[in-house]
Amino acid sequence: MVDLKRQYEKIQEEVDAAVLDVIKSTKYINGPEVKAFQQDLESYLGVRHVIPCANGTDALQVAMMALDLKPGDEVITTSFTFVATVEVISLLGLTPVLVDVDPDTFNIDPDAFRKAITPKTKAVVPVHLFGQSAHMQPIMDIAESHGLYVIEDNAQAIGADYIFSDGTRKKTGTIGHIGCTSFFPAKNLGCYGDGGAIFTNDDDLAKKLRVMVNHGMDVRYYHDEVGVNSRLDSIQAAILRIKLRRLDQYAQDRRKAAAYYDNAFGDHPGLAIPYRADYSTHVFHQYTLKTSGIDRFALQEYLMTNEVPAMIYYPVPMHLQKAYHDPRYSKGDFPVTEALSDRVISLPMHTELDEEQLAYIADKVLSFFKNK
Ligand SMILES: *Cc1c(COP(=O)(O)O)cnc(C)c1O
């Protein structure tokens, strides 16, 4: 699905030197590279504060801890997401309230969000799935009118722009009260291990988030809050600085691959290519097709036997997962999510796809339909 080796080879000299420098410096934890990366990312995103942490799941957890959400508080998010979004809500004893997504964008349906609000609702977590922003303007308006916090799960869309109706743009993750991201290797800005970050424009929240990721400690060995230990390694920060400088180019490379696929599948009656919302740029964390009239697992199997990896993100929505079973929900409650889970398939999408590979992948997908 990704080609991290070829991507590394193109920046190998720079990365190897930067990693060795950190090793020689012995400043492995909270070294100068971490601070420098934080500042680089703040200026790239145009956000006041970036708080690096250990992974994207921690970022979401710490965000909810810093907002003082209490057991029983309801947090609204979508059933069509990676588990981490719902996992942290449950882990903190909060109540996940799931809603359906928009059939075109796969992102939270603002109307469904509005209808799910109760007096217990404290926050909403829009997930910018597959590299495209959720519709943040209506989400922010609804949240504001009900006094709710907005925590953006930006693990899949770092670098994407949300475009407001007046034409102004903001980077995803910098629009709500808090944004969270992941630097897992396969993400658009991936390091060579685990990493994550939290963004905010609120000075007080930033201070609290920094204390929270550091054992609830502001002054050393004085703990004013129950926190966690969640740090980004200096080595990972050094690698991320190098890759951040290329992030826009990486997005361009992904868009080019997406355009190739669009061209190959755009007219096919059994395949719907990814929809582009006019309020967002797309950074193609995934290239996800909606299939119809076929057994999608058979297509996946056929591609696999032809050495084309293909993945189903996500085969089981959160409300139908064993761990998140909740008597409030049953099959049929979220028809769009359930239909997508039954129909989507994601093709290889990364920065190193060349025309020959794209042609081969497209040919295999199309020949599955011809032979069916
Ligand atoms: C990857 C991902 C996360 C979690 O990030 P980790 O760094 O793996 O903990 C959270 N939400 C979404 C939508 C993701 O894709």
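**Cavities, pocket and ligand in a predicted model**

Good morning. By the grid rule, this structure has 2 cavities of 30 Å³ or more. On a 1 Å grid over the protein atoms alone, a cavity is a set of points where a 1.4 Å probe fits but cannot get out, while a pocket is an open set with protein on both sides within 12 Å along at least five of seven lines; lining residues have an atom within 4 Å of a point. Points are joined across faces, edges and corners, and a volume is the space filled by probe spheres set on them.

Please note that this is a predicted model, in which local features need pLDDT of at least 70 and side-chain atom pairs count only at pLDDT 80 or more, whereas totals for chains, interfaces and linings use all residues. Residues are numbered from 1 along each chain as its sequence is written, and side-chain values use heavy atoms, with hydrogens and water left out.

The largest cavity holds about 80 Å³ of space. Its lining comprises 13 residues, and those nearest the centre are Leu4, Gln7, Lys187, Arg254 and Thr351. Helix H1 (4–10) and helix H10 (247–265) are the elements that give two or more residues to this lining. Helices (H or I, at least four residues) and strands (E, at least two) are DSSP runs, numbered from the N terminus. By class, the cavity lining has 5 nonpolar, 4 polar and 4 charged residues. Here Ala, Val, Leu, Ile, Met, Phe, Trp, Tyr, Cys and Pro count as nonpolar, Asp, Glu, Lys and Arg as charged, and the others, Gly among them, as polar.

I turn to the largest pocket, which contains about 530 Å³ of space. Of its 28 lining residues, Phe82, Gln156, Phe184, Lys187 and Tyr314 are the closest to the centre. The lining divides into 16 nonpolar, 9 polar and 3 charged residues.

The peptide bond from Tyr313 to Tyr314 is cis, with omega near 5°, and Tyr314 is placed in the loop between helix H11 (296–305) and helix H12 (335–343).

Where does the ligand sit? The ligand sits in the largest pocket, a term that requires more than half of its atoms to lie within 2 Å of the grid points. Among the residues surrounding the ligand are Asn55, Thr57, Phe82, Asp153 and Lys187; a residue counts as near if one of its heavy atoms lies within 4 Å. This shell has 4 nonpolar, 5 polar and 2 charged residues.

A ligand oxygen lies 2.8 Å from a polar backbone atom of Gly56. In the side chain of Gln156, an N or O atom is 2.8 Å from a ligand oxygen, and for the side chain of Ser182 the distance is 2.7 Å. The protein covers 91% of the 380 Å² of accessible area that the ligand has on its own, by the Shrake-Rupley method with a 1.4 Å probe.

Notes
Polar contact = N/O pair within 3.5 Å; in protein donor to acceptor, adjacent residues only side chain to side chain.
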